[in-house]
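Here is a briefing for a reader who is new to this structure. Keep the sequence and the 3D view open while you read.

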Amino acid sequence: MREIEFDIKWWLKWYWPYIFKLYEIEGHYGTRQSGKTHQIARKLIYHSFQEEQFNVIHCRKEYNKIEGSTFKILKDIVTTYFPNDFTIIKDHFQIINKHTGNWFRGLGMDKEENAKSVEGANIAWLNESNQFTIDDYDYLGTTIRGKQGVKVSMILDWNPQSVQHWIKAESDKFNLNPKCVLFKSTFWDNYLIDRNQLHEKLLTIKERDENLYNVWALGEWGVEDPQMNFFRDFSRSKHIKEVEAFTNTYYLTFDLNYDPSCLLIQRDNHRLYVLEEFHTKGQGLPELLSIVKERFKLNAINVIVNGDSSGNHSRNITDSRTSYQIIQNVLGLSMNNFHVQKANPTHVASRILSNIVLRTKDFKIHPRCTQLINDVENMQVDNRGSLDPWKKENPLTGHLGDALRYHIFYEDYDLSNVNLN
């Protein structure tokens, strides 16, 4: 095997203590641009050159996020520093060390073929692990394995948001176990960037939201509203206003229950206006769509559809079409008009992002959207950040609130990875 020397300076100095040792669980949290994701990737590549089994699943909550995140980072590193030492295969986002046979394989927790991807892996890297559920975490922790004497390790990285998130309670246990490690890093630890310039930009956030500044600039856990409102930053005086359409493009976002709910939204980079709501008990999806189409003269040129993942399945015994196929047919759309997640966002993740939008955008709900306003003011999460107990007690409400959070999670997802460059 080709001898390769690794200079410790290949890593940022703060990561030096964690390069060579494998922990049962290695947790890294803090601010964005601390460099933690790249340090982990370099560690994994280093260990892939060692003789022992080191097969890695690089995981994201959503499979379609892998190519532009973990796979890109790993691929960029090996093509830059080790152009002749790895085989790169797009299928399953695989990277294979030619000398040892150790491999990397992508895994999205929203894909049904999880078991096949995990098979043979003894290392799991959970990138942006705050997007995962506790069930995802437990599944991976109990599934990765190695032969006798082979070490098994989980490496997690995340940016803290909510002190109520399951990962806060779980990671607090890491420091109690000598086989685990937990480390906090901030952008101040990354001497390869202009830290002062970045901090100047973060200070502008502090002026309007000190809690958000503490999370993004200091890497601290966000403090929760004790009332546990899902849309905790909603304010009637700030967010309810008689707004008008300002563009020809409309977003229809759906919660596709047996009585479907729909919101009509317009947006640009700075504004998000909810103009109309549609939800009538006993009204089917084709009837709802006919009303919307007639009132707003919708067509394939000016409509984008958001909604929940259940719309990809048929719920009608006499009609095998899925809800989204019905929407496509009635409105004359192509699949390019659909911006729909393959799996619904977790309540914790969508709550965080929804409130970022409420704080940072010109967000308005027209006062005629009375059912949505009721949802936004009353939806509650429990201590684990789940809406399920509230929904069980309030089965007839919350559907328009769900439609709103599905729209935000797709269209404003970049705000959860704020670009401060």
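Predicted model: local features only at pLDDT ≥ 70, side-chain atom pairs only at ≥ 80, totals over all residues.

## Helix packing around α14

Helices α12 and α14 cross at roughly 80 degrees, and their axes come within 7 Å.

**α12 against α14**

- On the α12 side, the contact is made by Q371, L372, D375 and V376.
- On the α14 side, H399, L400, G401 and L404 make the contact.
- By class, this contact has 4 nonpolar, 3 polar and 1 charged residues.

**α11 against α14**

- Helix α11 covers residues 347-360, and helix α14 covers residues 399-411.
- Their axes come within 9 Å and cross at roughly 80 degrees.
- α11 and α14 are therefore roughly perpendicular to each other.
- From α11, the contact takes in H347, A349, S350, L353, S354 and V357.
- From α14, the contact takes in R405, I408 and F409.
- The residues of this contact divide into 5 nonpolar, 3 polar and 1 charged.

**α6 against α7**

- Helix α6 (residues 195-208) packs against helix α7 (residues 210-218) at an angle of about 150 degrees.
- The axes of α6 and α7 are 6 Å apart.
- α6 and α7 are therefore roughly antiparallel to each other, since angles over 145 degrees count that way.
- H199, L202, L203, I205, K206 and R208 of α6 meet E210, L212, Y213, W216 and A217 of α7.
- The contact of α6 with α7 has 7 nonpolar, 1 polar and 3 charged residues.

**The sheet of 8 strands**

- This open sheet has mixed pairing and the order β3-β4-β5-β2-β6-β7-β1-β8.
- Its edge strands are β3 (86-89) and β8 (180-185), and each pairs on one side only.
- Neighbouring strands of this sheet are turned by 15 degrees against each other on average, direction ignored.
- β1 (residues 25-30) and β7 (residues 153-158) pair in the parallel sense over 5 bridges.
- Helix α4 (residues 134-143) lies across β1, β2, β5, β6 and β7.
- α4 runs at about 155 degrees to β7.

**The sheet of 5 strands**

- The order in this open sheet is β12-β9-β10-β11-β13, with mixed pairing.
- β12 (303-307) and β13 (362-365) are its edge strands, each pairing on one side only.
- On average, neighbouring strands of this sheet are turned by 25 degrees against each other, direction ignored.
- β11 (residues 271-278) pairs with β13 in the parallel sense over 4 bridges.
- The bridge partner of L272 in β13 is F363.
- Helix α9 (residues 285-296) packs on this sheet and touches β9 (250-255), β10 (261-267) and β11.
- The direction of α9 makes about 125 degrees with that of β11.
- Helix α12 (residues 370-378) also packs on the sheet, touching β10, β11 and β13.
- The direction of α12 makes about 115 degrees with that of β11.

**The largest pocket**

- The largest pocket holds about 950 Å³ of space.
- It is lined by 36 residues, and the closest to its centre are Q33, T37, H38, I73 and E128.
- α1 and α2 (70-81) each supply at least two residues of this lining.
- α2 gives the most to the lining, with 6 residues.
- By class, the lining of the largest pocket divides into 11 nonpolar, 14 polar and 11 charged residues.

**K179 in its loop**

- K179 lies in the loop between α5 (166-172) and β8.
- Not counting residues up to four places away in sequence, K179 touches Y23, E24 and I25.
- K179 and P17 are 162 residues apart along the chain, and their C-alpha atoms are separated by 14 Å.

Note on methods: Residues numbered from 1 in each chain as written. Heavy atoms only, no water. Pairing = 2+ DSSP bridges. Axes fitted to C-alpha atoms, helices over the stretch in contact; angles between N-to-C directions. Contact = heavy atoms within 4.5 Å. 1 Å grid on protein atoms, 1.4 Å probe; cavity = no way out; pocket = protein on both sides within 12 Å on 5 of 7 lines; lining within 4 Å. Points joined across faces, edges and corners; volume = space filled by probe spheres on them. Nonpolar A, V, L, I, M, F, W, Y, C, P; charged D, E, K, R; others polar. Parallel < 35°, antiparallel > 145°, perpendicular 65-115°, else oblique.
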